Amino acid sequence: MFGYYSPVTVNAAQVPSAQTNFPMLVSYTDARLKTVGNGGHVQNANGYDIRPYDAVGGSAMTFELERYNASTGEVIMWVLVPSCDVGSIVYLYYGDATISTNGSSSSTWDSNYKRVLHLPDGTTLSANDSTSNAANGTVTGSAAAAGKIDGGVLMNSSTTDYITFTDTPLTSAQAFSISWWEKVTADTNNFPSRLCIPMNGSSDRLLIVGNKNGAFNTPFFWGRSAGATVMRALGGASLASNIGTWRKVLITGSDPRSMTAADWKIYLNGSAGTVDPFGAFAAITTNRFGYDGTSNGGDATFDELRISDGVQRSADWELTEYNNQSSPSTFATLGTEVALNQSNFF
């Protein structure tokens, strides 16, 4: 039986509209969440008895526990919230010595998610996928680093720094969404690549690279059709004064091979940029994150790579996600702990 619970309440001005099936980041470091042996109230050394519920004495919620530190009380957890809005509450229950298994579920990420890489843990790099697709990557040359959320991956301009994949996450005639966090450590390359993604198993690729006038200055994005015509999406804000600063990028569209500017959207830190056509670009034959095999890799740390097929994320979704991930404690408040007695144990 659980001994305690603490409410996590979404604050005002953090959610512009209710978001359905939202994987909410719950991330705190708090003394109550230490293990009993460290002066806290959690029983399991791995934090397995920290479980989210939708109400006091209510139903268990689907979640993924990414990180737990027994001595500091650090918890990083993704909770699937059916309808995330201002005032939504996730109740964290803990203090049950009978729970000794990890309750994390790949169902935290719905069927639209084709790849979710947390890239933990800052010391030992893992490119494992958290979705049910098991779209794990193979790391080449890259290094573990501190991420925006838990760990991340550091990639240098060397051609040996990349993560390869074998899955085919995108289909040609469906909406798509791709997002990640990045922190540029040096502005050195003309075409620093982020990501190459195969579409529908064909030789066409969606290639995401940096600005040709300065590495990572203003990102642009190439989508190659069968005729080798491409689209460039301008983020609208220069990175020249932001070296060493984390920023979140989302590119989304109605069809990854569409050449219509209106079908593509790009967001930087939750704000929309503009999209315009460009010219031709050579075929890309790799399926990887980092160096694409034809141009330079980038000098940057990356985190939280996500690829979704069949869904075009909205501006409200992206702003909610940015607010949540950029400052979890501002997004939602960890409330007063409640000690349970025999009448409200469950």
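**Strands, a cavity and a pocket**

The protein's secondary structure comes to two helices and 24 strands. The model is predicted. The chain has 346 residues, and 54% of them count as buried. Among contacts with a separation of 6 or more, 72% are between residues 24 or more positions apart. The protein exposes about 12,700 Å², with carbon and sulfur atoms supplying 46% of that area.

How many cavities of 30 Å³ or more does a search of the whole structure find? The search finds two. The largest cavity has a volume of about 60 Å³. Its lining is made by Y113, S177, I178, S179, L250, R306, S308, R313, W317 and E321. Strand β12 gives the most, with three residues. By class, the lining of the largest cavity holds four nonpolar, three polar and three charged residues.

Now turn to the open space. The largest pocket holds about 170 Å³. Its lining runs through E64, L65 and E66, then S105, S106 and W109. H118, P120, S126, N128, D129 and S130 also line the largest pocket. By class, that lining has three nonpolar, six polar and three charged residues.

One residue has links to both linings. Is E304 buried or exposed? E304 counts as buried because its relative accessibility is 1%, below the 20% limit. One joins the side chains of E304 and H118 at 2.7 Å. H118 is one of the residues lining the largest pocket. The other polar contact runs from the side chain of E304 to the side chain of R306, at 2.9 Å. R306 is one of the residues lining the largest cavity.

Leaving aside residues up to four places away in sequence, E304 touches E66, W78, L117, H118, L119, I149, S179, W180 and W181. Among these contacts, E66 lines the largest pocket, while S179 lines the largest cavity.

The backbone deserves a look too. Most residues other than glycine have a negative phi, and most peptide bonds are trans. E304 has a positive phi of about 50°, although it is not a glycine. A13 is not a glycine either, yet has a positive phi of about 70°. E304 counts as buried at 1% relative accessibility. A13 counts as exposed because its relative accessibility is 72%, over the 50% limit.

Where is the cis peptide bond described here? The bond from P120 to D121 is cis, with omega near 0°. D121 lies in the loop between β7 (113-117) and β8 (138-140). P120 is also one of the residues lining the largest pocket.

How values were computed. Residues are numbered from 1 along each chain as its sequence is written. This is a predicted model: local features need pLDDT of at least 70, side-chain atom pairs count only at pLDDT 80 or more; totals for chains, interfaces and linings use all residues. Side-chain values use heavy atoms; hydrogens and water are left out. On a 1 Å grid over the protein atoms alone, a cavity is a set of points where a 1.4 Å probe fits but cannot get out, and a pocket is an open set with protein on both sides within 12 Å along at least five of seven lines; lining residues have an atom within 4 Å of a point. Grid points are joined across faces, edges and corners, and a volume is the space filled by probe spheres set on the points. Helices (H or I, at least four residues) and strands (E, at least two) are DSSP runs, numbered from the N terminus. Ala, Val, Leu, Ile, Met, Phe, Trp, Tyr, Cys and Pro count as nonpolar, Asp, Glu, Lys and Arg as charged, and the others, Gly among them, as polar. Buried means under 20% relative accessible area, exposed over 50%, partly exposed in between (1.4 Å probe, protein chains only). Contact means heavy atoms within 4.5 Å. Accessible areas come from the Shrake-Rupley method with a 1.4 Å probe; for residues, only the protein chains shown count as cover. A polar contact is a pair of N or O atoms within 3.5 Å; within protein, one must be able to donate a hydrogen and the other to accept it, and residues adjacent in sequence count only if both atoms are side-chain atoms.
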